Amino acid sequence: MCGAKSKSLIFIGLLFNCLETIFSANTGFSVSIYDVTSQSIHLRWPKFSGASSYRLTATAVNAVGHSLVAYFSDVTLKGTLTSLIPNTVYAIQAEAIDKNGIILAETQIMQSTAPGVPVIDQAYSKLSNSITVEWRAVPGATSYLLTAQEGDSLIEAVVTDSPGTVTGLKPATLYRITIRSINSGGKSQPSPFRKTKTVLAAPILSVSSPTCDSIAVSWKAVYMAAGFSVSLMRSDGLGRMLKENTTSTSLIFTNLDPGTLYTIKAYAWNANGIPGDDFTYNQRTSPNTPVDVQVAFNSGALRAIVSWMPTEGALTYSVTASSGLSKLTCNTSSASCTVPSLQCGSEYYVSVTAYNGAGSSKPTDAISLKTVPCAPVNISIEEDEPGHLLVSWSSVNFGHYYVVFVKSNDGLEVHCNTSHPQCHFQSDCGFTYFISVFAYNKAGQSPLGDVFNYSTAPCCPRDLRAAFVSSDTVQVTWAPVRGAEAYETRVVSWGSTVLCNDTTTACTLSSLQCDTHYKITVYSFSEARGSNRSCASKYVATAPCSPEIKNISKKAHSVIKVHWQSSNEAATYIVTARGEAGLWHCTSSGNSCTLINLPCGSAFSVSAIARSPAGESLPSYSVPLETAPCCPDDLILTQVTQSVTNISWTVGMGAQTYVTALESPKGQAKCHTLQNHCLLGCITCSTNYTVSLKAISETGLTSSCTYQGYSSSACCPSGVKLYRLSNNGIRVYWQASDVTTNYNADLHGSKGNFTCTPSSGLSHCDITEIPCGDIYTVVVSPVIDKGTKLTFCPRKIYSVTCSGSSVGMVINRGKTNAEQYV
């Protein structure tokens, strides 16, 4: 039974959680809940037709015998069930009743009451923005609602158990505090209130360290504060705590340790002596002055390395080096610092200051630092006599003695140590000397000043050689010499001078006179020292002058004679004909020579050169030469018609146009064409012709070509007729143009093709057993050599009809159309 009852309660609870309103399936009458407290449930329902009153019955599910009935008139559509048990589930039945007491409709709903009203045990404020509340737990409560009210301002917080805190409050403010318990059914009525005041706000501190052994604290006034308490203690816990109470808003703590971190805590109290929030601030005192300062000078880099003992509490240090109006600084977090960019020949005063977040220490006493001397100036270099250099300069401040370094461009270095402002050195030609002067004192060597260079005169070129490129151009070469940046080549002959300037050890001199003697000298040159004019010369002679071709004459078909004019009597001349066909040469010591075996149809460029022991001249101007075109190797004649012949031939080298001709006593046929074939008309049949061809070049050169004669074909016969023979045969008859010519007759029909050839001298032939009732095309053609028939003789059409069974008649149908002759 207990188990069944427990399951029933669980089911009712689940039903309560899932449903708020249950509707009557038959009537649609319903009831809803709009508020719940610990001992009351507030409901509402719609007006039901015919009802004169409504009855609400609440039965406790988990309390035996506890039920409550309430009646409401028909004008009241909401009601409250009171005097209920807190934290209890009720089954509430609503009934609509008519005036006769009959229940018209009913519905039921499950609802739990809220937990009991909690009671505040105590409420207090430890922070200026919150109040903490303590209470005893209420059975059935799942959470609690804390409320802090100040005037119209209301701040709430939901908590699960005691104690609970409501935050977001104003400092030093009185609040009414209430608490309500909550479960799934709703919220209880508020508890009796407690008045509680929040504590004072914390003062906001402004802290500084005006000296290395003091800290100054200040703050703004705090609302409702009657006084303030400020305490100070080393953050590492060493030493004793200092505490001051005051009604002022500022304090100064003295006799503190320099560079030490202190923790400052402050709070305000009200008139009742209740302390408020506290404010904590960490402040370090400013550092003490650094001690044991050491200064080291780096002469090579012109910088000072300053070091000191670390100072307690210092975060950074600043080093200052002052000289007159110049001031250099160096900042660091370590116990040493390098001051760069010091000026040579100066005295600096160096001091160190320590810093942290609180401020700075007093600077240390200044330490004097003298730097190295500056580099000497007004340096002059001169070659007082060949092979000797004199270097001089102006004395400098703080300079005790001087060292001069002289390094030549071959790597050799010498130096001079002196207390005087000058030094002597030996020198050689073609060298560049790099000279630097340093001053010294106890601090070290001066910075590097300007590095000067001095170049001696370059040496003369050697191994001079001259080679002629042509009659008017000579290439001069020589071995490079020390110190030379450029070279000047001078060529002199009979008062005329040719110059060539270049940076390489070669120079090509052009525009020289051919067949002439010249004096060649090469001078070395440098920008610093100019030219060396003491160099030796070389004598050379130029090559012969170019000949001039005056005339080219044709001696035979393939023989050409070339004539020229030249003033070089001791020269040998070579003539060259150059073309696509190849090279042809002839040589002579006179003024003409002959080129033989030149090919036909070729173009040549003819030039001549003169050659002597001095060299070879430039070629003469070229003269064009063209040989006559070649005759075609093969020529073919083909009879096209009785009066038209086609002539074709191979291409002749060098020919552009052709003229072909057929000549006979009966007339002439001629054709001029760009092609390698042409048609000749008006040819007479059975006639012998002479065949000739002219090949003509682009420039008009002509080659006359002769070939074997040509005989035109025999003439076609005339008067072709057909006669019917008694034995079903046909006789073909014609009139021959020449009794010595053989002929052939051809008949072509749909029932067969037939041919007959008569004996020599006859002008007819017979064909036996030819079918009648057909149309025949008849052609009679002369037979030329080797039995070949001509194809251009005219055709005639005849109809061979049948009379009776096999007897027929031959009817002339005339000539065929033009297409049938083909």
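The model is predicted, so local features are limited to pLDDT of at least 70 and side-chain atom pairs to pLDDT 80 or more, while totals for chains, interfaces and linings use all residues. Residues are numbered from 1 along each chain as its sequence is written, and side-chain values use heavy atoms, with hydrogens and water left out. Strands are DSSP runs of E with at least two residues, numbered from the N terminus.

**Sheet S11-S10-S13-S14**

- An open sheet is formed by 4 strands with antiparallel pairing, in the order S11-S10-S13-S14; two strands pair if DSSP finds at least two bridges between them.
- At the edges are S11 and strand S14 (194-197), each of which pairs on one side only.
- On average, neighbouring strands of this sheet are turned by 30 degrees against each other, direction ignored; the axes are lines fitted to C-alpha atoms, and angles run from 0 to 180 degrees between N-to-C directions.
- Strand S10 (residues 143-150) is joined to S11 by 7 bridges in the antiparallel sense.
- Within S11, Ser153 is the residue opposite Glu150.

**Sheet S22-S23-S26**

- Antiparallel pairing also describes an open sheet of 3 strands, ordered S22-S23-S26.
- Strand S22 (294-298) and strand S26 (336-339) are its edges; each has a single partner strand, so one side of each lacks a neighbour in the sheet.
- S22 and strand S23 (residues 303-307) are paired over 5 bridges in the antiparallel sense.
- Val306 in S23 stands opposite Val295.

**Backbone geometry in loops**

- Most residues other than glycine have a negative phi, and most peptide bonds are trans.
- Ser162 and Pro163 are joined by a cis peptide bond, with omega about -5 degrees.
- Pro163 belongs to the loop between strand S11 (153-159) and strand S12 (164-167).
- Ala172, which is not a glycine, has a positive phi of about 50 degrees.
- The loop between S12 and strand S13 (174-182) holds Ala172.
- Ala172 counts as buried because its relative accessible area is 9%, the cut-offs being under 20% for buried, over 50% for exposed and in between for partly exposed (1.4 Å probe, protein chains only).
- Asp515 has a positive phi too, near 55 degrees, and lies in the loop between strand S42 (506-509) and strand S43 (517-526).

- Thr320 is part of strand S24 (residues 316-323) and is buried, at 17% relative accessibility.
- Leaving out residues up to four places away in sequence, Thr320 touches Lys327, Leu328, Thr329, Tyr349, Val350 and Ser351; contact means heavy atoms within 4.5 Å.
- Pro619 sits in the loop between strand S52 (615-616) and strand S53 (623-626).
- Beyond its neighbours within four places in sequence, Pro619 is in contact with Ser546, Ala608 and Ile609.

**Surface patch**

- A nonpolar patch on the surface consists of Phe434, Leu448 and Val451, which together have about 280 Å² of accessible area.
- Patch residues have over 30% relative accessible area and no salt bridge; like charges are joined within 9 Å and nonpolar side chains (Val, Leu, Ile, Met, Phe, Trp, Tyr) within 5 Å.
- A salt bridge is a side-chain nitrogen of Lys or Arg within 4 Å of a carboxyl oxygen of Asp or Glu.
- Accessible areas come from the Shrake-Rupley method with a 1.4 Å probe, and for residues only the protein chains shown count as cover.
- Val451 is in the loop between strand S36 (444-445) and strand S37 (452-455) and is partly exposed, at a relative accessible area of 46%.
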